[in-house]
Amino acid sequence: MGHLDHAALGWLTPALSYVMACTGAALGLRCTVRALATTGRSRRNWLVTAASAIGTGIWTMHFVAMLGFSVAGTDIRYDVPLTLLSLLVAMVVVCAGVFAVGYGRDRGRALLIGGLTTGLGVASMHYLGMAAVRLHGDVTFDPVLVGLSVLIAVVAATAALWAALNIKSPVAVTIASLIMGAAVSSMHYTGMFAVSVRVTPSGEALPGATAMQFIFPLAVGLGSYLFLTSAFVALSPTAGEREASASAQRPVENIAR
């Protein structure tokens, strides 16, 4: 069996991946709060932004953590199409879950459907990402730990959507985001601890791209998207602020008349 190291670069990758998960969760929660305070096209746009933020945060968290993953006795490469498919799955399934909550009439039912859908999507993204790993050897999974990781993903997703429906203040959103980041990271590392590798030494070149050739630049690009979008959302007025501004302008207009 090959020795697996989940933090070959020290605490840098676990810490940075946690930051990305928290950032995506915080942005997604804030956008969902904005969406629920609006209607029509504006609600749809905020929900799409929320889904892209959560999906991007989860995917970036996974692959930043994977930068620190190594197996003794073999190099590691990544299948590019499968890796991109895992990102698409994260986006689409999270979007379905967020829209279920954003437009559901029965909040309880919408929360259960959205949490289950999003959680299974997160787990699918993780294991698609693992299926994209190429190395000299055979990869197997402990079914008990796999099941536990899926359960954590569903519970974490349901809790995140519940927070989006019930938490409004920035401080509460921050606390919820820190908890959600921890839950997503726990899901990832539970899934990683389920992995075993039987190395078969070989001199053949592995197909695919190295983490630094493909994963790192893509993660940097998506991470930049998260931080820039966070700045945009932070600077955008809330529905309450717009109403207060409109109310303040009415007396001025009446006086001018």
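**Buried residues and ring pairs**

Mentor: Not counting residues up to four places away in sequence, His188 touches Met61, His62, Ala65, Met66 and His126, where contact means heavy atoms within 4.5 Å. This is a predicted model, in which local features need pLDDT of at least 70, side-chain atom pairs count only at pLDDT 80 or more, and totals for chains, interfaces and linings use all residues. Residues are numbered from 1 along each chain as its sequence is written, and side-chain values use heavy atoms, with hydrogens and water left out.

Trainee: Why is His188 called buried?

Mentor: His188, which lies in helix 6 (residues 170–193), has a relative accessible area of 2%, and buried means under 20% (exposed is over 50%, partly exposed in between, with a 1.4 Å probe and protein chains only), so His188 counts as buried.

Trainee: What makes Trp59 and Phe63 a tilted pair?

Mentor: Their ring centres are 4.5 Å apart and their planes 40° apart, whereas rings of Phe, Tyr and Trp (its six-membered ring) pair if the centres lie within 6.5 Å, with planes under 30 degrees apart stacked, over 60 edge-to-face and the rest tilted. Trp59 and Phe63 are 4 residues apart in helix 2 (residues 40–66), which means that about one helical turn separates them.

Trainee: Why is the pair of Tyr127 and Phe141 called edge-to-face?

Mentor: The angle between the planes of Tyr127 and Phe141 is 80°, at 5.7 Å centre to centre, so the pair belongs to the edge-to-face kind.

Trainee: How do you know whether Tyr127 and Phe141 are buried or partly exposed?

Mentor: Tyr127 has 18% relative accessibility and therefore counts as buried, whereas Phe141, at 35%, counts as partly exposed.

How values were computed: Helix = DSSP H or I, 4+ residues; strand = E, 2+ residues; numbered from the N terminus.
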